[in-house]
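Thanks for coming. Please hold longer comments until the end.

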Amino acid sequence: MTRVTIPIGPQHPALKEPLSFLLTVEGERVMESALRIGYVHRGLEHIFQNRSYVQNVHVVERICGICSHIHTTAYCQGVEALLELEVPPRALYLRTLLCELERIHSHLLWLGVLAEHIGFTTIFMYAWRDREIVLDIMEELSGGRVAHAVNVIGGVRIDLDQEHIHSILARLDELERQVETFLGVIQHERTLQARTRGVGHLSAEQVRRYCVVGPVARASGVDVDMRRDAPYAAYAWLDFQVITAEEGDVWARTMVRVLESIESLHICRQLLNELPVGSLTVRASRRVPPGEAVSRCEAPRGELVYYIRSDGSDRPARVKVRTPTLTTLITLPDQLRGVNTADVPTVLSGVDLCIACADR
Amino acid sequence: MRDLLSALFTLLIFPGFGFLFVCALVFQWIDRQVTARLQGRIGPPWFQPLADFVKLMAKEDVLPVNAHERACAALPMVSLAAVLTTVLVIPIGRHAPNAFEGDLIVALFLLSLPALAYFLAGWLSVSVFSVVGGSRALLQYFAYEVPFLMALGGPAILCGSWSISRIAVQQSQTVWMMFVQPVGFLLAFVGLIGKLKRSPFDIPKAKSEIGAGPLTEFSGRKLALWHLSLDMKTVVGIFLLVNVFLGGSFTELAVPTALIFGVKALLTLLAFSVVGVLYARLRIDQLVSLGWRVLAPLALVQTLVVIWIGVQ
Amino acid sequence: MSRFVKTLAHLLPELARTLFGGRVTVRYPFAPLELPACFRGKVVIRPELCAGCGLCVRDCPAFALELVRESREQFRLIHYHDRCAYCGQCEDSCRHGAITLVNEFVPATAQRDTLTRVAVERGTSTRQNLDED
């Protein structure tokens, strides 16, 4: 049979962001694939070196739109470690609240995108409709739906009163009912299972070899979660479960992400009900003493690592960002080998790529 | 002279091109509105299908360099012609313009021509996405066509006639075929979803996988005619189903025939829209497997049951 | 039977619920769009409160503010709308409360020269202040 080369990307309906795959296809099976990234590379790590620490909080937020808050959290944590600041508990709780809300919104977005790629447009519309609940909550808290600018070095900029807390809790209840509906669909709907079960399988051994993190790793049975393993912000004071699955295919990843959204809703409720009183920021000096800091957080896609080196001035000497999507991108040629051409978008969606994060 | 005028009226106005054109646009609009409302959206305004058609007719018409240009220009015409001819044997109202014994077979044959033209369109416009889409369209054709034909043969055997008009008339005197042969009706329904390439069987034009499938390289007037022929096929397919299984517009009640026929057709369209919204798209191998492992045996059983009843 | 129906038609209740009242589309711009008060939209600078200290200029990550200083009393604060990222750092940095981001969300314009706005102008001893439009 002849081999045909099908280009997926940089422009393709299956991709949210530009990425280039050259698939060598024989009949309906993918034989090999060649991956190319870098289409969204903006040289952000160089930009960080030419801005002050205060300015960088906003530049860091714009590495990615879906996980903007976790980038600022990781960055501010790193700088606060260099400054040896003790952030007040109320600020940590509010930071964590936004982290978890962002996790829910990211997973709902991803669910919609996966559904669209397997032709299930209805779930796409419903997931994005219910995501609006979370985006409205975030907008009322911070003033922005995507770029919140909630974190400052030394704490947070926003505050909540009791009435606002009650209104958010009511909406979280409504959201939980909707997410339970999605869970039911994923568990029972035959066509969705037919398209996602057994597709894009990654074994636990492959996960460990490629150092994959996040829901992709957890769906293959590898139990890693920064929130529990290296608690940051308010996670040390919270009670939550880490969701894993055994099958390692796209269906398992879907289950893990939807169950994680429900778990995040529980975490949000704990945060809102147990919000401590206190100040919101501590004073941070503009000049950071020389040193190095490594800050790790659990982004919606996995472990996010920031390495910040300071040289005593008000600009960082080096900010290195390792995003979780880089780890999952490397597994794609393996996952795509032997897969049916019709399953290629499913596989690509299953790993929840955020190319803007990966390319920086 | 009068015969000539009457023939022209039939071919161009009712139930020929003009009527089908308006029906195609209206059905497309209703389908999009229902899908939108079920998904929480508003849906397009009433003139959207017409606007799309007019816009496409005005656009530039390009094809890749290696594509067979004359064949690609002829294929949408073939598809349109086949669909327009089919409507002449289907009774809308009380008469079909050209009913005769065996016109069911002719209608089914004509309705399978657009599928072949669709495959050829993909094959002859040489880009990768088109070729893959075209081969998928052909595979899909083999998956649904056999159960569809067998399911439509059931009412013919029971009513003792291969003419659509007679089958429709018979139902008004006895009972709708849908109730006598529910399995056959379901098979025809599912087969028609495949034939019309609607969700969940819209595999050849799976946007996220292969662009627009066989029609990727078409643009301008050719694409406008393709979309028109596929929309008209929807209308004709629904009319066929209504006549063969739902009794057409023949009834003992004293209601205007247009109303009865319109209500039945719209309810069928509604059912198609709801089913389209409920499921994810199947993969081609899953569809072929479904077609040959589930649908074809069921159709065989249904046909045997019908023959046995007929013999009694 | 109910399990069979469940696997085949799981979404039907949600479809029915959406059909009868679950519409989320806002017919913007033919219907009003309400935004919360804290939404960070258009940048409004009140010239009478501006002291020309330049903290906002120093902290802007997009270099969208420029302070042109001719003398101690004479300065101009220019805001470049096309560079502005609406991050709000200027609002947080200003010690005098001169900058706020209000919840107007349509700052688009059809004239290019309105994208550069001289927000504050302190000139002669009569203290000429150019207002916002």
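Before the interfaces, one definition: two residues are in contact if their C-beta atoms, placed from the backbone, lie within 7 Å. Also keep in mind that this is a predicted model.

Start with chains A and B. By that criterion, 23 residues of chain A are in contact with 19 residues of chain B. Which elements supply two or more residues to the chain A side? They are β1 (3-8), α4 (89-117), α5 (121-142), α7 (190-196) and α13 (344-350) of chain A. The most comes from α5(A), with five residues. By class, the chain A side has 13 nonpolar, seven polar and three charged residues.

The contact between chains B and C takes eight residues from chain B and nine residues from chain C. On the chain B side, the elements that give two or more residues are α2 (17-38) and α12 (257-278) of chain B. That side divides into four nonpolar, two polar and two charged residues.

Now the sheets of chain A. One of them is open and has three strands in the order β1-β2-β3, with antiparallel pairing. β1(A) and β3(A), the latter covering 29-36, are the edge strands with a single partner each, so one side of each has no neighbour in the sheet. On average, and with direction ignored, neighbouring strands here are turned by 20° against each other.

Look at β2(A), residues 20-26. β2(A) pairs with β3(A) in the antiparallel sense over seven bridges. Within that pairing, A:L22 has A:A34 of β3(A) as its bridge partner. The hairpin of these two strands has two residues between them, and A:G27 takes a positive phi near 70° there.

Another open sheet in chain A also has three strands, in the order β6-β7-β8, and its pairing is antiparallel. Here the edge strands are β6(A) and β8(A), with β8 at 316-322, and each pairs on one side only. From one strand to the next the twist averages 15°.

If you follow the pairs across, β6(A), residues 291-299, and β7(A), residues 302-310, are joined by nine bridges in the antiparallel sense. These two strands make a hairpin with two residues between them.

What stands opposite A:E292 in β7(A)? The residue is A:R309. A:R309 in turn stands opposite A:R318 in β8(A). Reading across the sheet at this point, then, you go from A:E292 to A:R309 and on to A:R318.

This sheet also carries a helix: α3(A), residues 68-83, packs on it and touches β6 and β7 of chain A. The direction of α3(A) makes about 150° with that of β6(A).

As background, nonpolar side chains in soluble globular proteins tend to be buried together. In this model the largest nonpolar core has 132 residues, and A:V79, A:L111 and A:C354 touch the most other members. The largest share, 16 residues, comes from α4(A).

Take A:C354 on its own for a moment. Apart from its neighbours within four places in sequence, A:C354 is in contact with A:C64, A:I66, A:C67, A:R301 and A:T325. There is also a second, separate core of 82 residues, which includes B:I92, B:M177, B:V236 and B:A265.

Staying in chain B, consider helix α11(B), residues 220-245. Is α11(B) mostly covered or mostly uncovered? It is mostly covered, with 22 of its 26 residues buried. From first C-alpha to last, α11(B) reaches 38 Å, close to the 38 Å expected at 1.5 Å a residue. After the helix comes B:G247, whose phi is positive, near 85°.

Last, chain C. It has four helices and five strands, and from the N terminus the order is α-α-β-α-β-β-α-β-β. Of the 133 residues of chain C, 23% count as buried. Among its contacts between residues at least 6 apart in sequence, 70% join residues at least 24 apart.

That is the tour. I will take comments now.

Methods. Residues numbered from 1 in each chain as written. Chains lettered and ligands numbered in written order. Predicted model: local features only at pLDDT ≥ 70, side-chain atom pairs only at ≥ 80, totals over all residues. Nonpolar A, V, L, I, M, F, W, Y, C, P; charged D, E, K, R; others polar. Expected span 1.5 Å × (residues − 1). Buried ≥ 20, exposed ≤ 12 C-beta atoms within 10 Å, placed from the backbone. Pairing = 2+ DSSP bridges. Axes fitted to C-alpha atoms, helices over the stretch in contact; angles between N-to-C directions. Core = buried A, V, L, I, M, F, W, Y, C linked by C-beta atoms within 7 Å.
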